[in-house]
Amino acid sequence: PDSEELAQAWVEFGRLSTDADTDIDKAREGFARSLAIRERLYGKNSALWAINAAHAAAHLKDIGVYEEASKLSAQAARSLRALPNFDNERAMALGVYGSAESRQGNHEDALPALKEALALARSAKEEDLNIKATLLNDLSVAYSRASDQESAIVTTRELLAVDREIFGDE
């Protein structure tokens, strides 16, 4: 009953439920079961649990379950803080937290988290342009929600430069 394969199957169940917008409760169940299995197998302070939690939080945020996404991503970021060589994953977790907080109108927590996430992504050993682009987008949206249009424009211009790196001028 507790295997990595079953944990991954539950992740896919949750992911497919969010992608299809079928049933939020089914998505929650899939992610919760996956996390419970990985917690029993590896513990909550393991990289596998934390990365699983960060991805689950991102999917929950995408379907509008902001409070749950915020709590889960914060927990993932805390777990990843103690692990070396997971800066991109921690940046992603902090980014999900910041974006979820922004969507709930909590700009005091959202903006610092997103800025920290972006700083982590910029300083990571291996730069991940997709994570960087996602963080720049989320930070720009958070600035706009916080009525800081000037910062939103500056951040969006940087996002455009990163998108050009990823996709080219066309």
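**Ground rules.** The model is predicted, so I keep in mind that local features need pLDDT of at least 70 and side-chain atom pairs count only at pLDDT 80 or more, while totals for chains, interfaces and linings use all residues. Residues are numbered from 1 along each chain as its sequence is written, and side-chain values use heavy atoms, with hydrogens and water left out.

**Whole chain.** I looked up the secondary structure and got eight helices and zero strands (DSSP runs numbered from the N terminus: helices are H or I with at least four residues, strands are E with at least two). From the N terminus the order reads α-α-α-α-α-α-α-α. The radius of gyration is 16 Å, close to the 15 Å that the globule rule gives for 170 residues, so the protein is as compact as a globular protein of that length. That radius is taken over C-alpha atoms, and the rule is 2.2 Å times the number of residues to the power 0.38. Along the principal axes, the C-alpha trace spans about 50 × 35 × 35 Å.

I find 44% of the 170 residues counted as buried (under 20% relative accessible area; exposed is over 50%, partly exposed in between; 1.4 Å probe, protein chains only). I also checked contacts (heavy atoms within 4.5 Å): of those between residues at least 6 apart in sequence, 58% join residues at least 24 apart.

**Helix α2.** This one covers residues 24–42, 19 residues in total, and reaches 27 Å from first C-alpha to last, close to the 27 Å expected at 1.5 Å a residue (the expected span is 1.5 Å times one less than the number of residues). Which residues of α2 are buried? I get Ala-27, Gly-30, Phe-31, Ser-34, Leu-35, Ile-37 and Arg-38. Down the axis of α2 they fall within an arc of 160°, so they line one face of the helix (the arc is that of directions from the helix axis to the C-beta atoms). The buried residues pack against α1 (4–19), α3 (47–62) and α4 (66–81). On the other side of α2 I see Asp-25 and Arg-40 exposed. Just after α2, Gly-43 takes a positive phi of about 95°.

**Ile-153.** I looked this residue up in helix α8, residues 149–167. Ile-153 counts as partly exposed because its relative accessibility is 44%. Its C-alpha is separated by 25 Å from that of Arg-90, 63 residues apart along the chain.
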